[in-house]
Amino acid sequence: MLRPIGAATRTGSNMENEKRVSPDLPVEPVESRVNYLNAQYGVKSWLLTKDHKRIGLLYLASVSLFFMLGGIYAMMIRLELLTPQGDLVQSQTYNKLFTHHGVLMVFFFLIPSIPAVLGNFLVPLMIGAKDLAFPRINLLSWYIYTLGGIFTLWAMINGGVDTGWTFYTPFSTTFSNTYVIATGLGIFINGFSSILTGLNFIVTIHTMRAPGMTWFRLPLFIWAHYATSLIMILGTPVIAITILLVALERAAHIGIFDPALGGDPILFQHLFWFYSHPAVYIMILPSMGVVSELIANFSRKNIFGYSFVAFSSIAIAVFGFLVWGHHMFVSGQSMYAGLIFSFLSFAVAIPSAIKVFNWTATLFQGSISFDTPMLYGLGFIGLFLIGGMTGLFLAALGLDVHVTDTYFVVAHFHYVMVGGTLMGYLGGLHYWWPKISGRMYPEGWGRFAALVIFVGFNLTFLPQFVAGYLGMPRRYHAYAPEFQIYNVMSSAGASILGMGLLIPLAYLVWSMRYGRVAPANPWHLPGLEWRTASPPPTENFYVTPVVTWEAYEFAPPEELQVIGKLEPGDKGDHPIEVAP
Amino acid sequence: MPEQASTFASKVDALYFYLCGLTVFFTLLIISVLIFFFVKYRKRAPFEVPRPIAGSIKLETLWSVIPFMIAMSIFVWGASVYFAQYRMPKDGMEIFVVGKQWMWKFQHSTGQREINELHIPVGRKIKLTMTTEDVIHDLYIPAFRTKADVVPGRYTSLWFEPTKPGRYRLFCAEYCGTNHSGMGGWVEVMTQTDFDNWLSGNANQVSPVEAGKQLFTTTLGCATCHNADGTGGRGPALTGLYGKTVQLEGGGTVTADEAYIREAILNPQGQLVVGYQPIMPTFKGQLNEDQLLQLIAYIKSLSPGQSSGIETAAPASANNPQAGAATPAGQGAKSPDAQRSNPLNATAPQPSANGSGNNAAPNRRGNQNRQ
């Protein structure tokens, strides 16, 4: 039974109702209306919640924590690399720093960031559902994530691990004297959270779309998450198996990867990259989904070539599984295997190019505004362009031989994974912040921080391309003095980037209490998530919405009211009929 | 731009400039279109509802096909450079390389040994045959624009032709543990005269072939079954074996390359030659990587020009020539204990602790008398 919420706040005046949709008038205070945030109080109400929005916030808290820890490790790496001599920490410590940085950032920040925080919060809202298909599994996935995270942190605190986040054998299985199994098990556990989230999204998108929400009316954010979920479900089990094999080999010497026992260390690389290359698309696809939303909504234009953008996500997800060998061009694999993997890597670049062109064309004849989320969206395009184009350098076999395993690769994947995912994540977080928190973030600070982050990021990683082409290998604790200038620039950029990232942290936390109260639809957009209150009620919508419009069908604000809003004088004691 | 010091350098750099050009062009193109749109289509009034545009198949095709063509041009170019880098020349000057945590050991075919320094003549094709005693490493010489992993239990190869005398950095590019960043050194490219002088200054070396012969005839006693000149006996003949196709017991064939010879020494029962009894004992744990390379060098020297026929490969020898390439990594050299000890390490030249390793020790010291 659909139950209207917020009867207590109704004033009975037409004026009040119009306030909700008119742009500049203040709306009723959040506290006075029941929403998902104030429906229940207490620690228990959060830890046992089945509300996808609350679980999204739980993820937001844990993901932010891991992001900060990973960032601290990054700062320590950059500090050490200020001078060519390894003088700040010992090499063993340095090796642990970059390993911990990689493990935390990849498995505990980049992979869950957008799907588990924004996806969790928004997938049901955007398709007009009350929750995800399996709310309990959703909560379970957060607990598994947290358990895996605690396990990994425990391993790191107890002594840490020095294999690099790639865990290459036989170093990880036979030679490293650090906590490889414990860290591996943390990642192994965490993988299940990924699988469960992916499963939940796929079932939800298939079965819980609101009436009228056809596949081609879905926002592109949903398409991107559908593609991501496919990778999560199909890829994650492979990394789980791989980690188990490493643990078994380490503990029992069963000889899978040890050539002395008839095993093959290169087999590990095949297994590892079979997951870890698609994992890059787990990071970037949701971000592309966010950027599609940002570009369309802040230019008030429907996405140019909707179906091309939608299917390019699926194409990336599918082809992404066939390119893992491009990490191994110099590993001694057959030259002909290298040839095929190189070809496929160029092929998978095309769908990404299609997206960029379509985003650009979307702006044509639009009405473009430059709010903070849009700045992040445009920042994404800029950084992804460089990240994507330098990917072509690495896919080109003869060039890869020179630059692989150097800082060129480090710069490239930071442009794609950080420039891509982080920009999308921050853009999305600002864009949906009014919906999530019911408060507006401070726009001026938002734009300032976006600029600082963009500048800091480029200063950090552009010099690394140069150092890499000059031949500076990655994972070097001490390096040849001729590379110092690039490392100093990079460290300077990293401190700007780090400062820049603290600004949103500060003002977003501040805005939760002191920010301007957000209207239901602050940007005046047609998406379903904007057609309910900010923050939404626990059930998301007052009534089940019926979708009669296409994706990104912009309209004047008066046509974009909250769906199922109570009429004046309505006591809220009967289900309200479906509203368009 | 790092120094260009090999025949690959200009090829790789040309491809690099092509890609840099493409990157700058496309980045500027997209950014200028974006900025043009920002200005022209900026929001002029709140809540505008611009006319929707669905898309254009023509444009989609255009910006799928053109990038694809460009990508293919990079692909073909990149592949041609790759094949130049990784197709080994037949006439290269061969040097053996063994990586270990955390140093590079080189041995010239004339016997000279070096650690973390490699002296080579300019203008000659140099071919490195490489393996490792422990984890995966990667030999990287930026000035030559080439690198290759070295993998335990396998032989990988790398070749280059230096074009300019000088001193160039040598790195380990694959993360290999605590002192990874210290695992590097220099490649000293010398004129042929200087190189000859350097060689003669390090005379009285036992060449790998000689050392292998001594292992074969005396130390390990291989000659008991394979005969002192390798013509065979209870075991198959080894003369002319290298590079030939070998008929295996139970069907199948294999090409007698480095990997197969290594496998045959360490795991003799694994790929038994047809018509012979499985009587050969394994030499696993008794040989280090350097000695294996010496044995292989000796066995290769028994096949001058690889032209003489061999009895083991008489019928249907053309059958399945790919079998050798598909052979798995081969069996590792040593037990886990022996992996950590390091009989040939110049910095710790004590004899190996395990009993079987002592077999080889006198020979090893003989090879190292330069120090």
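In this predicted model, Glu258(B), Ile261(B), Arg262(B) and Ile265(B) of helix H6(B) meet Leu292(B), Leu295(B), Ile296(B) and Ile299(B) of helix H7(B). Sorted by class, the residues of this contact comprise six nonpolar and two charged ones, with no polar residue among them.

- For helix H6 (residues 258–266) and helix H7 (residues 289–301) of chain B, the angle is about 115° and the axes are 10 Å apart.
- The crossing in which H6(B) passes H7(B) is right-handed.

- Strands of a sheet pair through backbone hydrogen bonds, and the pairing can be either parallel or antiparallel.
- In chain B, five strands in the order E3-E2-E1-E5-E8 form an open sheet, and the pairing within this sheet is mixed.
- Its edges are formed by strand E3 (113–115) and strand E8 (156–160) of chain B, each of which pairs on one side only.
- From one strand to the next, the twist of this sheet averages 25°.
- Strand E2 (residues 103–108) of chain B is joined to E3(B) by three bridges in the antiparallel sense, and Phe106(B) stands opposite Glu114(B) in E3(B).

**The sheet that contains E4 and E10 of chain B**

- Another open sheet of five strands in chain B has the order E4-E10-E9-E6-E7, and here too the pairing is mixed.
- Strand E4 (117–121) and strand E7 (146–150) of chain B stand at the edges with a single partner strand each, so one side of each strand has no neighbour in the sheet.
- The twist in this sheet averages 20° from one strand to the next.
- Strand E10 (residues 185–190) of chain B runs parallel to E4(B), and five bridges join the two strands.
- Within this pair, Leu118(B) is placed opposite Val187(B) in E10(B).

**Chain B as a whole**

- Chain B contains eleven helices and twelve strands, and 43% of its 371 residues count as buried.
- Among the contacts in chain B between residues at least 6 apart in sequence, 70% join residues that are at least 24 apart.

**Chain A as a whole**

- The secondary structure of chain A consists of 16 helices and zero strands.
- Buried residues make up 62% of the 580 residues in chain A, and residues 24 or more positions apart account for 84% of its contacts with a separation of 6 or more.
- The C-alpha trace of chain A spans about 80 × 50 × 45 Å along its principal axes.
- A compact globule of 580 residues would have a radius of gyration near 25 Å, so the 24 Å of chain A agrees with that expectation.

**Where chain A meets chain B**

- In the contact between the chains, 77 residues of chain A touch 79 residues of chain B.
- Several helices give two or more residues to the side of chain A that touches chain B, including H4 (91–127), H9 (265–298) and H12 (372–395) of chain A.
- The largest share of that side, 14 residues, comes from H11(A).
- By class, the side of chain A that touches chain B has 46 nonpolar, 25 polar and six charged residues.

Technical notes:
Residues are numbered from 1 along each chain as its sequence is written. Chains are lettered from A and ligands numbered from 1 in the order in which they are written. This is a predicted model: local features need pLDDT of at least 70, side-chain atom pairs count only at pLDDT 80 or more; totals for chains, interfaces and linings use all residues. Two strands pair if DSSP finds at least two bridges between them. Helices (H or I, at least four residues) and strands (E, at least two) are DSSP runs, numbered from the N terminus. Axes are lines fitted to C-alpha atoms, for helices over the stretch in contact, and angles run from 0 to 180 degrees between N-to-C directions. Two residues are in contact if their C-beta atoms, placed from the backbone, lie within 7 Å. Ala, Val, Leu, Ile, Met, Phe, Trp, Tyr, Cys and Pro count as nonpolar, Asp, Glu, Lys and Arg as charged, and the others, Gly among them, as polar. The radius of gyration is taken over C-alpha atoms; the globule rule is 2.2 Å times the number of residues to the power 0.38. A residue is buried if 20 or more other C-beta atoms lie within 10 Å of its own, exposed if 12 or fewer, and partly exposed in between; C-beta atoms are placed from the backbone. A crossing is left-handed if the near helix is turned anticlockwise from the far one by less than a right angle, and right-handed if clockwise.
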